[in-house]
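The backbone and the division into domains follow.

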Amino acid sequence: MKEELDNILNEARKIIEEINSENSLENFRIRFLGRKGLLKEILDKIVKLEEKERRELGEYFNYVKNEIEKLYEVAKERIITSKKEIKFDIHHPGEKIRKGHIHILNQAIKEIKEIFMKLGFDIERGRELVTEYENFDSLNIPPNHPSRDLWDTLWLKFEDKNNKYLLRTHTSAHQVEVLKNKPLPIRVVIPGKVFRHEATDQRHEIQFHQLEGLAVGEHADLRELKGVLKIFFKEFFGTELEVIFRTSYFPFTEPSVEIDLECVLCKGKGCNVCKNSGYLEIAGAGMIHPFVLKEAGIDTNKYFGYAFGLGIERIIMLRHNINDVRLFNSGDLRFIKQF
Ligand code: PHE
């Protein structure tokens, strides 16, 4: 019977080498260690033996059973790890990685900057936090001047000896700084977020984006501005649209104009978006006021230039037929995923 046990052990050692699946391992277990397996068969015989023989063979039986159990455990470990390795198989098709994308606002700002760069404009970055001087005084808006009421301002509680601070109400806050620091001739655009203290509705948000344009140099007159904007709108909307100037008032431009764009949706025929006028108010602009040029140290006898401020959300809303400006900041994925 000892011989029989040896044969079983030898067979187990041989078979185990070839085992490479959970199925064949299970068959191994059933054949050798199972309740009706080879070892059980022998055990049934051993228990029937005389005491002395039974004890001797019993010990040997335990040794063989132990060995076979070890073989089984080692093979099990091997099969589990090789299964794990399959997960790193380079031939295995990968799982699709879910990634986000750039928000429509930033996509459009990038596009707008690229169009203006092609037209010879540099890009400048401003700051969201500016001084009272930058936002108002430098732009010919002295304290207590009624035109300050045009901007619903968010002031900071913090102020120091020299300055009061606020969230810029318009990107014009950077006009003097840019005019002062850049060599002439100047052609720049400054995109950025601006803030106003006002009630929100479909067309108004307390924060939105503007694009400031500034040009000082030989041909920097309103005629050039009209041409630049016509090309810009054509690139941005993919179709030629009429641009008209309507007289207006800003303290930092003289003369000042309001820029109207032929309604993108009805092509000037009149619809509910343009309130049947065929045109949409899209930007403020004008020739830079001599006060501002002087503030920047530019000789007003030699130089002149134009400035404009364009509402970025507004032109995106027109291009994509978006009817509520509040959607931009809503974080609503149903909106964001459309672009
Ligand atoms: N800063 C003005 C506004 O926010 C727009 C503007 C910019 C007007 C430049 C004239 C020149 O309303």
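The ligand sits in the largest pocket. The model is a predicted one.

Which residues come nearest to the ligand? There are 15 residues around the ligand, and those that come nearest are His170, Ser172, Arg196, Gln210 and Gly309. Sorted by class, the shell is made up of six nonpolar, seven polar and two charged residues.

Polar side-chain atoms of Ser172, Arg196 and Gln210 lie at the following distances from atoms of the ligand.

| Residue | Ligand atom | Distance |
|---|---|---|
| Ser172 | nitrogen | 2.8 Å |
| Arg196 | oxygen | 3.1 Å |
| Gln210 | oxygen | 2.9 Å |

How much of the ligand's accessible area does the protein cover? On its own, the ligand has 320 Å² of accessible area, and the protein covers 92% of this.

Most peptide bonds are trans, and most residues other than glycine have a negative phi. Where Leu184 is joined to Pro185, the peptide bond is cis, and its omega is near -5 degrees. Pro185 is found in the loop between helix H7 (175–181) and strand S5 (186–195). Another cis peptide bond links Glu254 to Pro255, with an omega of about -5 degrees. Pro255 belongs to strand S8, which covers residues 253–262.

Asn140 is not a glycine, yet its phi is positive, at about 65 degrees. Where is Asn140 placed? Asn140 is in the loop that runs between helix H6 (132–135) and strand S3 (154–159).

The last topic is the division of the chain. The protein is divided into domain 1, residues 2–84, and domain 2, residues 104–336. Taken over C-alpha atoms, the centres of domain 1 and domain 2 are separated by 85 Å.

How values were computed: Residues are numbered from 1 along each chain as its sequence is written. This is a predicted model: local features need pLDDT of at least 70, side-chain atom pairs count only at pLDDT 80 or more; totals for chains, interfaces and linings use all residues. Side-chain values use heavy atoms; hydrogens and water are left out. A residue is near a molecule or strand if one of its heavy atoms lies within 4 Å of it. A polar contact is a pair of N or O atoms within 3.5 Å; within protein, one must be able to donate a hydrogen and the other to accept it, and residues adjacent in sequence count only if both atoms are side-chain atoms. Accessible areas come from the Shrake-Rupley method with a 1.4 Å probe; for residues, only the protein chains shown count as cover. On a 1 Å grid over the protein atoms alone, a cavity is a set of points where a 1.4 Å probe fits but cannot get out, and a pocket is an open set with protein on both sides within 12 Å along at least five of seven lines; lining residues have an atom within 4 Å of a point. A molecule sits in a cavity or pocket if more than half of its atoms lie within 2 Å of its grid points. Ala, Val, Leu, Ile, Met, Phe, Trp, Tyr, Cys and Pro count as nonpolar, Asp, Glu, Lys and Arg as charged, and the others, Gly among them, as polar. Domain bounds come from an automatic or database domain assignment. Helices (H or I, at least four residues) and strands (E, at least two) are DSSP runs, numbered from the N terminus.
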